[in-house]
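Visitor: Hi! I have never looked at this one before. Could you walk me through it?

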Amino acid sequence: MKAESEDQWLYTISSKHKLIDFNFKELWRYRDLLLLFVKRDVITVYKQTILGPLWYLIQPLFTSIIFTVIFNDMAGIPTGVAPAFLFNLAGITSWNYFKQCLMGTSNTFNRNQGIFGKVYFPRAIMPMSVVISNLIKFGIQLIVFIGFYFFYVLVKDSEIMPTRSLLLFPVLILIMALFGLGLGMIISSMTTKYRDLTFLVTFGVQLLMYASAVMYPVSFFKEKLPSIAWIVEYNPMTTVIEAFRHMTLGVGDYSIPKLIYALSVSLGLFVIGLIIFNKTEKSFIDTV
Amino acid sequence: MARTILKVENISKQYRLGLIGADTLSDDLKRWWYKIRGKQDPFLTIGDINERHVKGDSDYIWALRDINFDVQEGDVLGIIGKNGAGKSTLLKILSRVTSPTTGEIKTNGRIASLLEVGTGFHPELTGMENIFLNGAILGMTKKEIKSKIDEIVSFSGCERYIETPVKRYSSGMRVRLAFAVAAHLEPDILIVDEVLAVGDAEFQKKAIGKMQDISQGEGRTVLFVSHNMSSVESLCTRGIVLEHGKISYEGTAKGAVGHYITNRKMQTANYLAFENKGNEYAQINSIAVNPASDNIYSEDDLEIEIDFTLLQNTNRRIDISTAIYNESDQLITNIGTGYSKISPVDSNKREPQKIAIRILNPNLNEGVYSIMLRVVEDMASAPKLRLDDLILFHVKRKADDELYLNVKGFISPQIEVKKLK
């Protein structure tokens, strides 16, 4: 009788936790919540604004124009056959997706303490919804990129051609999402106890952008500063941005081993992030 | 025989006092060092019981200590206890918001909690959108919500506003909408924490009716935490009393309420002197209720004397207010020096001073009352010092008349009955 009743429990709340303890079944049961969070994020951001989702487009466009003026027209950084504006837009569009994922997930615990303190649902739903809702914004920004792409091809007769590597584009999205999500989950877990990291994130993301080949080609950096070029080279985001330019514009440093490297780094970070996140969610409400 | 649906075994929860809720870096390291040597966590053996009034030596406090109980399917279990007895901590652990320090909870059903209604409402979304979002947060699937959407909307009574953003709702409407969603949850175990305290009277009736339906009609298991003794008595089948993080009574709901009330009676006093009671703004030295007589009688005036010392220099007006609560933590009255044109409190004096507040003919019903004291500067709404349950006092009736002894309600007035025709 006793042995039988041991097995029949639906679940147990315990003080002891295993290191890796994911309940995917539970996550699946909450899939509707995930979609509703995504919907909430997308439609509430620009409620009561006149331009609405157009704001998604204005920000990357103007940044690209400024980058083109400063880095290409003034500083004379070469962009190969690709028009400088498209070159920058490609970099900024992909960088923005990574940045939004990282920033959006890195304060998961602190921003949601009100709701986390009252009801239980798998906490991982929150950062996952951020990554998905940003994917929609990324999609809108990609449309702008494609628009300008055709403009340059048809009107300006630029000699740019998508390469066959474009088929691997989904892999790039995966790398960016995993990298941002993994890093974000680690940071958000650590900020529940030590708030210092929140200051570091805003600042650190800015620094990381300069090390991610957003406004210059890696080849140019290697040529000018060979001694510290490894910082840029080993950064998975550099791989992503360069590969994206190679796929669409035909310029950039692209190779399958590099993609595999970036994918493994971000996958590793994601797994570490998930473990730390899972450990934190159990009792973060006492420390936050 | 009913099935055991929830089994709580040796649940304890430890908190660290001070700035950081759980651990500091050095304690983390110490804990880790003990762990790798295979020793028991050193912090589990220390810690004080959770008593607010007593100053402890340890930085660690046990909000809950070795809690054990079983809940059978269909039980409505009332959990009562003073503020800070550990009720909310227990509910937080049960609803998986935080995890216990030691022990295990085994359950056979889905638990959903209404720790506070309206969790996750987004002001920019419409009522309809919020129903779906809130429902999903509470654990319902989209399909479940869709099948009940008409019921939820009509239960909330907000049909007209359902396509309007929730930020335009009155606070009462928001509560109605939130409760409507929560009431249509169908978990195996429902946790309710004082939600009934909000909303207007008509809505409260609706809500209590719904709770009764859930527990009686549908045979669902409910854990109900409340200060309101009468609703615990009428709604619950079983009850436990928590005191300083431990279970002091377990049994029927009626028994638990009785235990709680007698327990409070035993702690009653006419006069209490304190040392270091207060904060850096003011200290309370003593409080007395009707110090002239041994007993506090319903028929007498009620006089509260407060001896206190102000600790800070200010030229602003300082007032002392006292709120009297009954056994169910319902406010009887809120009185203080703020009602007189000139405050009797001398703002500039750093020596002990004493004031008295007299209520003429309050005719309080027999029972135990508690006083919450506040020190207020410049009539501001946020008090400089606030002390809950500063003293508990027992009001008795002088007259032994049978007629008087059974009067129900807040007051037992002196009455005259005449035949006129």
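**A loop in chain B, and onward**

Guide: Happy to! Let's begin with B:Asp378, which sits in the loop between E18 and strand E19 (385-396) of chain B. Please keep in mind that this is a predicted model.

Visitor: What is the phi of B:Asp378 like?

Guide: The phi of B:Asp378 is positive, about 55 degrees, although this residue is not a glycine.

Visitor: And is B:Asp378 buried or exposed?

Guide: B:Asp378 is exposed, because 10 other C-beta atoms lie within 10 Å, and a residue counts as exposed at 12 or fewer.

Visitor: What is the mean pLDDT of chain A?

Guide: The mean is 85, with 94% of the residues of chain A at 70 or more. Where pLDDT is low, the predicted coordinates should not be read in detail.

Visitor: Good to know. How many residues of chain A are in contact with chain B?

Guide: 25 residues of chain A are in contact with 36 residues of chain B. On the chain A side, the elements giving two or more residues are strand E1 (11-14), helix H3 (31-44) and helix H15 (284-287). H3(A) supplies the largest share of that side, with 5 residues.

Visitor: Let's hop over to chain B. What is in there?

Guide: Chain B has 9 helices and 19 strands. Of its 421 residues, 36% count as buried. The domain assignment gives domain 1 (72-263) and domain 2 (273-405) of chain B.

Visitor: How many residues does each of those domains give to the contact?

Guide: Domain 1 of chain B gives 7 residues and domain 2 of chain B gives 6 residues. The centres of these two domains, taken over C-alpha atoms, are 34 Å apart.

Visitor: Back to the strands. Which strands does E15(B) pair with?

Guide: E15(B), residues 318-325, is joined to strand E18 (residues 367-377) of chain B by 8 bridges, and these two run antiparallel. In that pair, B:Ile320 has B:Val375 of E18(B) as its bridge partner. E15(B) also pairs with strand E16 (residues 331-336) of chain B in the antiparallel sense, over 5 bridges. There, B:Ser321 stands opposite B:Gly336 in E16(B).

Visitor: How many residues are between E15(B) and E16(B)?

Guide: There are 5 residues between them, and the two strands form a hairpin. In the turn, B:Asp329 has a positive phi of about 60 degrees. As for cover, 6 of the 8 residues of E15(B) are buried.

Visitor: Which strands make up the open sheet in chain B?

Guide: Its 4 strands come in the order E11-E12-E14-E17, with antiparallel pairing. The edge strands are E11 (271-273) and E17 (352-359) of chain B, each pairing on one side only. Between E11(B) and strand E12 (residues 282-289) there are 3 bridges, and B:Tyr271 stands opposite B:Ala288 in E12(B).

Visitor: Last topic: which residues touch the most other members of the largest nonpolar core?

Guide: Those are A:Cys101, A:Met176, A:Val240, B:Ile79 and B:Phe224, in a core of 123 residues. Apart from that core lies another, of 25 residues, including B:Ala282, B:Ile284, B:Ala288 and B:Ile324.

Visitor: And what does B:Phe224 touch?

Guide: Leaving out residues up to four places away in sequence, B:Phe224 touches B:Val76, B:Leu77, B:Gly78, B:Ile79, B:Val192, B:Val232, B:Leu235 and B:Cys236.

Notes. Residues are numbered from 1 along each chain as its sequence is written. Chains are lettered from A and ligands numbered from 1 in the order in which they are written. This is a predicted model: local features need pLDDT of at least 70, side-chain atom pairs count only at pLDDT 80 or more; totals for chains, interfaces and linings use all residues. pLDDT is the predictor's confidence in each residue, from 0 to 100. A nonpolar core is a set of buried Ala, Val, Leu, Ile, Met, Phe, Trp, Tyr and Cys residues joined through C-beta atoms within 7 Å. A residue is buried if 20 or more other C-beta atoms lie within 10 Å of its own, exposed if 12 or fewer, and partly exposed in between; C-beta atoms are placed from the backbone. Two residues are in contact if their C-beta atoms, placed from the backbone, lie within 7 Å. Two strands pair if DSSP finds at least two bridges between them. Domain bounds come from an automatic or database domain assignment.
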